[in-house]
Amino acid sequence: MKNAVITSFLIIISFVFVFSAQAQTKEVTIKIGAHCDHFEECETGKSRLEKELIYSKGIKGVKTDSQNKTVTVKFNSKKTNEQEVRETIAKAGYDADGVKADPKGVAKLDDCCLKK
């Protein structure tokens with residue numbers, strides 16, 4: 001009897017943790033100001049942007065789409081939010097929806113990534 005109660009309790013606790021973790025994960029797709037015609041291969045393009053994001057607090061996953069000039073970010077909503085994600089992209093040197101690229105980040109980009 002004791003084992004059945006303990007097992008039931010552990011199952012309930014497991015469900016609570018699983019559902020609360022899922023509720024914290026959000027996803028946002030952001031239009032970026034990528035100007036490089038070879039963004040996927042560019043040293044300061046995709047790889048730099050993904051590094052900046054993935055090493056940021058609360059970011060769980062990053063997927064870039066150079067054709068549509070977007071980045072989709074999965075994040076823990078208890079650790080960060082959509083605006084902070086946009087600001088991280090801007091610090092990397094790219095416009096992010098309405099947030100303008102940080103000049104310090106732009107200065108670190110290769111010439112091919114700059115607006116012409």
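Just after helix H3, Gly93 adopts a positive phi of about 105 degrees. The structure is a predicted model, in which local features require pLDDT of at least 70 and side-chain atom pairs count only at pLDDT 80 or more, while totals for chains, interfaces and linings use all residues. Residues are numbered from 1 along each chain as its sequence is written, and side-chain values use heavy atoms, with hydrogens and water left out.

The protein chain contains 4 helices and 3 strands, arranged along the sequence in the pattern α-β-α-β-β-α-α. Helices (H or I, at least four residues) and strands (E, at least two) are DSSP runs, numbered from the N terminus. Of the 116 residues in the protein chain, 34% are buried; buried denotes under 20% relative accessible area, exposed over 50%, and partly exposed the range in between (1.4 Å probe, protein chains only). The chain exposes about 7,700 Å², of which carbon and sulfur atoms supply 55%; accessible areas come from the Shrake-Rupley method with a 1.4 Å probe, and for residues only the protein chains shown count as cover. Among contacts in the protein chain with a separation of 6 or more, 54% involve residues 24 or more positions apart, a contact being heavy atoms within 4.5 Å.

Helix H3 spans residues 82-91, and its buried residues are Val85, Arg86, Thr88, Ile89 and Ala90. The cover over these buried residues includes strand S1 (25-31), helix H2 (46-54), strand S2 (59-65) and strand S3 (70-76). At the start of H3, a side-chain oxygen of Asn81 comes to within 3.0 Å of the backbone nitrogen of Gln83.

Two of the strands that cover H3, S2 and S3, pair in the antiparallel sense over 6 bridges; strands pair if DSSP finds at least two bridges between them. Gly61 has Lys74 in S3 as its bridge partner. The hairpin of S2 and S3 has 4 residues between the strands, and Lys69 in this hairpin takes a positive phi near 55 degrees.

Gln24 belongs to helix H1 (residues 2-24). With 19% relative accessibility, Gln24 counts as buried. Apart from neighbours within four places in sequence, Gln24 is in contact with Phe75, Asn76, Ser77 and Lys78. With Asn76 there is also a side-chain to side-chain polar contact of Gln24 at 3.4 Å. A polar contact is a pair of N or O atoms within 3.5 Å; within protein, one must be able to donate a hydrogen and the other to accept it, and residues adjacent in sequence count only if both atoms are side-chain atoms.
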